Amino acid sequence: MATTALSSFTRGVARYALVAALAAVFALFAALAPGFLSGANLLSVLVNNFALLAIVAIAMTFAVSAGGIDLSVGTAVDFASFAFVSLVLAGQPIALAALGGLAGGALVGVFNAVLIAGIGISPFLATLGTLFVGRSAQQLLTNGGNPVYLPPAGVPEAFRFLGHGTVAGIPVPLLVTALVAAGAWLVLSHTRFGRVTLAAGIQASVVRYSGLRLSRITALTYVLVSTIAAVVGLILTSTVTVYIPSSGNAFLLNAIGATFIGTTFDPHGRPNVPGTVLGVLLLGVVANGLLLSGLNFYWQQVGTGLLIFSVLAIGFANRKAAARA
């Protein structure tokens, strides 16, 4: 009985190491960074540091859950942004332009699905290739990488609303992020597709021998990843009213980091949406707190990297201790 109690306690420590880390950095910056606890700053953290990265990281969570990775999520963001801007400039209704943007991002996933599920290229190499191809395609489409601006006088109000509007006082980007997170959690945790995706990531051979079409599951996963990432392209474009080639790649490394930080929230170390969201929030709080503390930008990057290492190390150590117990 004592051994069982110790094992349960250790698993609990492993799971909530991320929550403890988030509480610790929040308390640290509340004490050291002037203005950190102000309402305006906390809202800025959620809108500017958290919302868009959370959506990209949730998309990445599906790829990692399936046992792979997607280095082209930024490309999906960019293609969605380009299609959205192009259709708005062509005078198309916002709803149609938004659907076109989502379709543009989803095409990146279709391309990945063909490479990974159809040809059999590893996810890392396939999505890395898509990243390079996508970057070159954007250079060609914009005459060498020139931004595509929307004239202020010609931007429809519905377009601005997506990036700057509020509903009941809550910024629209935050509401969209909450909807994406809730939907992703339901799909990954409470649907057959989600369970099979997780099973494929744990032991693909078992899924294959169970009679399930692993290639189909993989293809659907990568299309879903790019479609979710495409949502960021729409919001980002509506926020800044310009398409900047390859700007989506700025989300890539932090999305990967948040996804793997989030695995510490699961007692078995598996990717999960709540953990990913907490991982993004942790990165956002740290970035904002270090900025307010006045540290040099490069030291901010060092601090973020050390934090990622620390959280992953603590989670790994606690899971090993739980396994021994």
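In which hand, left or right, does H3 pass H13? The crossing is right-handed. This is a predicted model.

**H3 against H13**
- Two packed helices are described by the angle between their axes and the distance between the axes.
- Helix H3 spans residues 39-65, and helix H13 spans residues 273-292.
- Their axes lie 8 Å apart, at an angle of about 140°.
- H3 is therefore oblique to H13, since an angle counts as roughly antiparallel over 145 degrees.
- On the H3 side, the contact residues include Asn 41, Val 45, Phe 50, Leu 53 and Thr 61.
- H13 meets them with residues including Val 273, Thr 276, Leu 281, Gly 284 and Leu 292.
- The contact of H3 with H13 has 14 nonpolar, six polar and no charged residues.

**H5 against H11**
- Helix H5 (residues 94-119) packs with H11 at an angle of about 150°.
- The axes of H5 and H11 are 7 Å apart.
- The two helices are therefore roughly antiparallel to each other.
- H5 and H11 also make a right-handed crossing.
- H5 brings residues including Gly 101, Gly 105, Gly 109, Asn 112 and Ile 116 to the contact.
- Among their partners in H11 are Ser 215, Thr 218, Tyr 222, Ser 226 and Leu 234.
- By class, the contact of H5 with H11 has 14 nonpolar, eight polar and no charged residues.

**The two sides of H9**
- In helix H9 (residues 192-202), the buried residues are Gly 194, Val 196, Thr 197 and Ala 200.
- Seen down the axis of H9, these buried residues fall within an arc of 165°, so they line one face of the helix.
- The face of H9 turned away from the buried side carries exposed residues: Arg 192, Arg 195 and Ile 202.

**Positive phi in two loops**
- Most residues other than glycine have a negative phi.
- Ala 168 has a positive phi of about 55°, although it is not a glycine.
- Ala 168 is found in the loop between strand S2 (166-167) and strand S3 (170-171).
- Is Ala 168 buried or exposed? Its relative accessibility is 78%, so Ala 168 counts as exposed.
- Thr 241 is another residue other than glycine with a positive phi, near 50°.
- Thr 241 is found in the loop between helix H11 (214-240) and strand S4 (242-243).

Methods:
Residues numbered from 1 in each chain as written. Predicted model: local features only at pLDDT ≥ 70, side-chain atom pairs only at ≥ 80, totals over all residues. Heavy atoms only, no water. Helix = DSSP H or I, 4+ residues; strand = E, 2+ residues; numbered from the N terminus. Buried < 20%, exposed > 50% of the residue type's maximum accessible area, 1.4 Å probe, protein only. Axes fitted to C-alpha atoms, helices over the stretch in contact; angles between N-to-C directions. Parallel < 35°, antiparallel > 145°, perpendicular 65-115°, else oblique. Left-handed = near helix turned anticlockwise from the far one by under 90°. Contact = heavy atoms within 4.5 Å. Nonpolar A, V, L, I, M, F, W, Y, C, P; charged D, E, K, R; others polar. Arc of directions from axis to C-beta.
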